[in-house]
Structure formats: structure tokens, C-alpha cells
Amino acid sequence: MRFDAILFDLDGTLTASEEGITNSVRYAFEKMGVPSPDASVLRRFIGPPLVGAFMEFGGMTEEEARRATEYYRERFREIGWRENRVYVGIPEMLMALKAQGVRLAVASSKPQVFVEKILKHFGLAPFFESVAAVTMENTDADKSSLIRRAIPQGLDFSRACMVGDRCFDMEAAKKTGLYAVGAAYGYGSREELFSSGADAVANGVPELRDILLGGSMPRAKGRFVTFEGLDGCGKSTQLRKTQEYLTERGWETLVSREPGGCGISERVREILLDVGSEGMSAQCEALLYAAARAEHVRNVIEPALQAGKIVLCDRFLDSSIAYQGYGRELGEDFVRQINESAVHGLEPDRTFLFELPEETAKSRVLSGETAPDRLEAESMDFFARVRAGYQNIALRDMRRVMCVDAKRDIESVFQSVLTGIDQLLETM
């Protein structure tokens, strides 16, 4: 490896923090009774110590700047720190660096309490062995002193690297003898970064990954997560919330569904769910699901997993086993046999089964704004068999299938899903 240790700035390097910072700066100006500057000036508050920024960009005295900083923290403490998102690809890159034995740390001019809170909330804390930031009382710490605090003891500074998006990061890196890598996807320009001493500049996270790891390092395979249950169980809502959660934390995701997910499969979906297809034989139905799945797996799911994405899919093979194997009484062996080629050996890494009594599920479907499709209009006996099928699947594969009580409110159900998602991320 080129580096034994890598230090990262936070704002504009690990996370896109403009919204939380600029909103809090604007709030501070309002509390000071001073007109807020335009967006281009507000962006300049991202990176440098706040007291100095309020003096330089807001024309305040030191006393006024310290008071403005307190107002800034008043809002940031409650709201601003959450108005953040991790750049896509950051977690996967950090994971690859850790796997190579690189020691990681954070050096930030933001107060330590906020840095640690943000890292923990967005799932980044486990990657870093140390965090060097300022205290609430001393916001003027020199960035080079933070770098010295963050570097693991005994390490050769010439074998360390600092990654940041502003001139302060580059200048401090060179002052302390570190290799300096600029993150031009953040809040500083390429010109600013190179003119302040950057040895290399990355235009995006993929380019940063190549600089830090070397272009020959292959991406780790992604993860496949499926959402199962009776129609009306709320799985689609939970899938959407899961996708938002992962994206906010920098994981690259792909959302899909079955039947469907690609052109031909979506056309098959129309045939399967159209009430005009009433009278279709159970065997034909099962074979159409398998045909749609074959296209979906090869054209959508497998390429996404090879690209390192987390694939979130609304239904997969378990649905065919439950609905056609049990609901249509074709038998599980028959369904598995006709899907063997379709799934191409693919199995979900985690399946969430949202458990709901068939009466409750049916009631939810009928109370919806759209008319029930061909499957949703089936009898209660049919759905009782489907539910029994799901229960058998879950009992046989408790390692993969996580049962979730879907009778609860949306947020309570989501907290259960997050437990399973966080466990899965630990295996990435």
C-alpha cells in the first residue's frame, strides 16, 4: 500500500454538509440582526473555523463573531447536523482501505461533539480509530495541529495522507509533511486545491478511491436484499425508506421489483396482473413469473451486484414459492425446478418477511385508491395458503429471512428493518 494512514476532513470530503451549515449560518446572521449574505458567500463558511469566517466574510468584530458562532451552534445542535448526507461510494472505499490494513482518522475544524455525532449517525464511526477536532471553547485550532493529533502514534508522516476539500486541508498537510489529496467534489475548486499544495486532486469519489487504493483494486460484490409478504403488508413503503436510509449514508443502491424490473419483464407483469388475464392456468402463471425473473436477474440484478451496489427488490423467488407453490398448490419442488435456470444460483443475502394476518392484508388492499389486480382479488383461502407458505420458508431459513411484525406503525416496523440492514452492512 502507498499509505499506512489516511486522514479525512469531514465537511465536503466524507459528507455533503452544505445544507446544514449554510442554514445555520443564515440563522446566525438573522439572530444578529444582520442581513444574510448570498449563497456564494454562505458556502465559504464550509471548512474554516467559524469565528474567523464570521469576521472575514461577515465583517464582524471578534466579539460579534463569537456570539454569531453560538447562534450557529444553537441551530446546528438541534437540526443542522442531520442536514447531511454521505457521498456515494465513501463507505465502500473506507471498507476497502480498512481491509488493506490502512489506519483511518478524521481531522476536522468542526467541534468534536458534532463530528462524533455525525460519524455515528451516518454509520461511519466504525471505520475510524481516532477523531481530532476542536472543542466548543476553542474553535480556532490550527488544522496542522489537528493533523498531528489524528496521526496514529509512531507512524512515519511521509507514509500518511490527508484528504480534504479546501486550501486549509492542503496547506496543513504540506506543513506537517503529509501527502495531500484534494476532494474537488466538495466545496473547493481544483485551482484552490492545487494552488495550496495538493499532490493530487480527485473529481469524484471513484477517482479518490483509485488514488488511495490504486486502480487495480476490484470493487467488492454488492448485497441483495428482498422484501416479501402478502399484498398490503407495507413492504413497498419499507423498501423506499430503506433506500433513503442507505443513500443518505453513501451506499450505492438499485431498487427493483418482481415481476418487472426491466422492459420485457415489465410487459410480462402487465399480463400477469391484468384482471383481463382471468382464467390463466396456474402452470402458465408460474412459468411467466420464472421467465420474467430470468430477464430481471441477468439484465438488472447481477450487473448491479457486480458493480458493488446494494440491490433492494420488491419480491423474488420466495414470492413464487408462496403464491404459486402454496397459493396455487403447484408444490414448492415444481416452482424451484422451473426457476433454477432463472435465478442463476442467486440467493438474497437478507430477506425481510412482513408478517400480517390475511384478513388485515386484504382489508388494506381493498381500502386502497386503486382497484385490486388479478392476484390481489384472490380469495381469503388463497392468501391463507400463501401466508402458510411464507411461514414455512422462514422456518427453514432463519439465517436469511428476518420476520417483521407488520401490524405496527410504519416507524416501528422500520426500526426492525434497520436492525437487519445494519447487521448486513457489517458483513460488507
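**Entry 1: Glu332 and Arg396**

I started with Glu332 and Arg396, whose side chains meet in a salt bridge at 2.4 Å, N to O. I kept in mind that this is a predicted model. Glu332 sits in helix α15 (residues 332-343) and Arg396 in helix α17 (residues 380-396), so the pair ties together parts that are 64 residues apart in sequence. I then looked up the accessibility of Glu332: at 15% relative accessibility, Glu332 counts as buried, because buried means under 20%.

**Entry 2: other salt bridges**

How many salt bridges are there in the count? I found 30. Side chains of opposite charge can pair when their charged atoms come close.

I picked out Glu92 and Arg209 next, whose side chains form a salt bridge at 3.2 Å, N to O. This pair links distant parts of the chain, with Glu92 in helix α5 (residues 90-99) and Arg209 in helix α10 (residues 205-213), 117 residues apart. I checked burial as well, and both Glu92 and Arg209 are buried.

Then I turned to Asp231 and Arg315, which meet through their side chains in a salt bridge at 3.1 Å, N to O. Here I was looking at loops: Asp231 lies in the one between β9 (223-229) and α11 (235-248), and Arg315 in the one between β11 (310-314) and α14 (317-327), so the pair ties together parts 84 residues apart in sequence. Are Asp231 and Arg315 buried or exposed? Both are buried.

**Entry 3: the largest cavity**

My search of the whole structure turned up five cavities of 30 Å³ or more. The largest cavity holds about 190 Å³ of space.

Which residues lie nearest the centre of the largest cavity? Of the 18 lining residues, they are Asp11, Pro48, Leu50, Ser109 and Lys110. I noted α4 (62-78) and β4 (103-111) as the elements that give two or more residues to this lining. With four residues, β4 gives the most. By class, I have ten nonpolar, four polar and four charged residues in the lining of the largest cavity.

**Entry 4: the second largest cavity**

I put the second largest cavity at about 70 Å³ of space. Its lining is made up of Gly229, Leu230, Leu353, Phe354, Glu355, Leu356, Arg387, Tyr390 and Gln391. Both β12 (350-355) and α17 supply at least two residues each to that lining. I was pleased to meet α17 again, as Arg396 from my opening entry lies in helix α17. The lining of the second largest cavity divides into five nonpolar, two polar and two charged residues.

Terms used: Residues are numbered from 1 along each chain as its sequence is written. This is a predicted model: local features need pLDDT of at least 70, side-chain atom pairs count only at pLDDT 80 or more; totals for chains, interfaces and linings use all residues. Side-chain values use heavy atoms; hydrogens and water are left out. A salt bridge is a side-chain nitrogen of Lys or Arg within 4 Å of a carboxyl oxygen of Asp or Glu. Buried means under 20% relative accessible area, exposed over 50%, partly exposed in between (1.4 Å probe, protein chains only). On a 1 Å grid over the protein atoms alone, a cavity is a set of points where a 1.4 Å probe fits but cannot get out, and a pocket is an open set with protein on both sides within 12 Å along at least five of seven lines; lining residues have an atom within 4 Å of a point. Grid points are joined across faces, edges and corners, and a volume is the space filled by probe spheres set on the points. Ala, Val, Leu, Ile, Met, Phe, Trp, Tyr, Cys and Pro count as nonpolar, Asp, Glu, Lys and Arg as charged, and the others, Gly among them, as polar.
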